[in-house]
Amino acid sequence: MTANFAPAFAADDTVSTARRRLARALATAGKEPADLEARILLETATGLAALALLTRGDETLGAAAETLEKFAARRLAGEPVNRITGTTNFFGLDLTVAPNVLDPRADTEILVETALELMARKGFQNPRILDLGVGSGAILCALLDSRPDAFGIGVDLSPHACAATQANLARCGLTSRGTVIRGDWTAALSGRFDLIVSNPPYIRHAEIAELDPEVRDHDPRLALDGGPDGLAPYRLLSVELARLLRPGGVACLEIGWLQGAEVSALFRAKSLAQVSCRRDHGGRDRVIAIES
Ligand SMILES: C[S@@+](CC[C@H](N)C(=O)[O-])C[C@H]1O[C@@H](n2cnc3c(N)ncnc32)[C@H](O)[C@@H]1O
């Protein structure tokens, strides 16, 4: 096994030298896209924006050298960039990435796009939205931000996720229209919703150990483990949607890319009016849309 040596940085290194050295170390360790990762880590360590990294590249790192050196060591040890910076961009929103909460993925943006399209096509006004397994609040915040007439509730069993959603709602200025409840899926819920969204845990239990260590060791197990066949949350949702979705309402559920047929069949068996599968930008099945 080859050890990945973290580069050292000194206070009198220039910003551009440090950037090049960090990008080289990341590329050598196979952390790609290395240039982008180096830029993000440097921005966070120095407080300089992307453009300033270029225009002020001759300036020295100063006190930021120590921070950058720690960031480089953490990244080379396998910690994802978003965990190091504590932030991510999701659907154009800057969100906090908290420990013990799933780092929202770009693939999930297709669920938000699908939900917005369906709500527009069906002419929903002042929609009531439910996000089951709300995590960081990424989906809920994106939907509320895009639909100023909407009100939303997020549910999660994890207290860390509930706190993260609360923090991200506040960060996005959405606390007057969004709220979070700690609970076990739909157990504490009554009433009906226009839109139900969920990105539930969908990895088969036995596959968790085989996951990329950057996922397995940094995202919480509760956010990943979908039971023996990865379908446990969908079975519960296939029963509960009929109770919680208003007539004419829609649900959008993220799925693992090989689960399209099985998850669609679960919902078709419940005679929900229309079930369709949407692909992500990589052409893989990603979202099940259910119209009641
Ligand atoms: C894959 S993560 C999705 C998080 C977020 N919605 C996103 O897309 O980034 C699944 C979420 O479901 C939550 N969860 C797992 N089991 C749950 C349960 N029994 N009741 C409520 N939430 C649960 C996890 O804590 C986690 O936040």
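Thr-88 sits in strand S1 (residues 87–90), strands being DSSP runs of E with at least two residues and helices runs of H or I with at least four, both numbered from the N terminus. The model is a predicted one, with local features needing pLDDT of at least 70 and side-chain atom pairs counting only at pLDDT 80 or more, while totals for chains, interfaces and linings use all residues. Residues are numbered from 1 along each chain as its sequence is written, and side-chain values use heavy atoms, with hydrogens and water left out.

With a relative accessible area of 11%, Thr-88 is buried (under 20%; exposed is over 50% and partly exposed in between, using a 1.4 Å probe and protein chains only). Its side chain makes a polar contact with the side chain of Asn-82 at 3.1 Å (a pair of N or O atoms within 3.5 Å, one able to donate a hydrogen and the other to accept it). Leaving out residues up to four places away in sequence, Thr-88 touches Asn-82, Leu-93, Asp-94, Leu-95, Val-97, Asp-103 and Pro-104 (heavy atoms within 4.5 Å).

H2 contributes Glu-37, Leu-41, Leu-42, Thr-44, Ala-45 and Thr-46 to the contact, and H4 brings Ala-64, Thr-67, Leu-68, Phe-71 and Arg-75.

As for H7 (residues 138–146), seven of its nine residues are buried, so the rest of the structure largely encloses this helix.
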